[in-house]
Amino acid sequence: EFSTLQGWFTHATSVWETLVVFGHNLLHYQTIQEIELRKELNTLAKAIGKEVLEGDRQGGGFRVRANELVQAHADMMTREGMQDRHQVEAWDIQLHRGLEHLKQECAQVLLERFEQEASDTKYSETMKEEVRRKLAAPIDYAFENYLYTWKLRLKQAADEQQYFALWDHFKQVMDTHLEKAQHQLSMTEAEAKQLFSQEWEVYEESFKSRLGQVANSKQSIIFKVTELCNTVV
């Protein structure tokens, strides 16, 4: 019996959350105590995962360090420019390796923290193995997110460079056209549109090519949304 509506609601909410998380295996669990222990272990794993992702008093977590890594490479790219394609590829490889190393390091810290804090004998090995299987999922998702952020930064920088190059190119095309037609002091609107149309096609193809390198396919988006939902649950 419940003395207040709030008490009943709290209990009903707790039962519903248990059914959502453990309902598919509910018949395999022997006691209510086992269900509560699994809930407790999942809560513990999420708390540790949040600390490793977001950081604590001892230092920054994966997100902070990954953001610093991406920003450092973006600043370097801004300072040195993107004229050298091989240099840009080298930065891309370097950033990818840096994020991969950071992901592995944080995943190891996460596992070690979990093993330490879940060492109580009340948690069975079966319970812990269930949690271990999806322990690193939040870090994997964050890794993919920062990797994609870097790809977008690369595209943005390339687009800006192409924009200024295109402006200079159009100026040169018009100067060349007027130089050949010495009797003209300017070009007609029709001539300008024709020149622009011809040159724009070349730029548009280049832009679509760069866009294709960062665009996600429908299947990729479905996979990432599913992965995110599984991580949250």
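The side chains of Glu-100 and Lys-103 are joined by a salt bridge, with 3.6 Å from N to O; the term stands for a side-chain nitrogen of Lys or Arg within 4 Å of a carboxyl oxygen of Asp or Glu. Both residues belong to helix α4, three residues apart, about one turn of the helix. Helices here are DSSP runs of H or I with at least four residues, numbered from the N terminus. Keep in mind that this is a predicted model, in which local features need pLDDT of at least 70 and side-chain atom pairs count only at pLDDT 80 or more, while totals for chains, interfaces and linings use all residues. Residues are numbered from 1 along each chain as its sequence is written, and side-chain values use heavy atoms, leaving out hydrogens and water.

Let us stay with Lys-103 for a moment. Lys-103 is buried, at a relative accessible area of 16%, whereas Glu-100 is partly exposed at 24%. Buried means under 20% relative accessible area, exposed over 50%, and partly exposed in between, with a 1.4 Å probe and protein chains only. Lys-103 also forms a salt bridge with Asp-140, whose closest N and O atoms are 3.9 Å apart. Asp-140 sits in helix α6 (residues 137-180) and Lys-103 in helix α4, so this pair ties together parts that are 37 residues apart in sequence. Asp-140 itself is partly exposed, at 29% relative accessibility.

Glu-51 forms a salt bridge with Arg-113, the closest N and O atoms being 2.6 Å apart. Because Glu-51 lies in helix α2 (residues 32-54) and Arg-113 in helix α4 (residues 85-117), the pair connects parts 62 residues apart in sequence. There is also a network of salt bridges linking Glu-115, Glu-125, Glu-129 and Arg-132. The count of salt bridges comes to twelve.

Now turn to helix α3, residues 62-80. Its 19 residues reach 27 Å from first C-alpha to last, close to the 27 Å expected at 1.5 Å a residue, where the expected span is 1.5 Å times one less than the number of residues. The buried residues of α3 are Phe-62, Ala-66, Val-70, His-73, Ala-74, Met-76 and Met-77. Seen down the helix axis, they fall within an arc of 160°, so they line one face of α3; the arc is that of the directions from the axis to the C-beta atoms. The face turned away from this buried side carries the exposed residues Thr-78 and Arg-79. After α3 comes Gly-81, with a positive phi near 80°.

Technical notes. Helix = DSSP H or I, 4+ residues; strand = E, 2+ residues; numbered from the N terminus.
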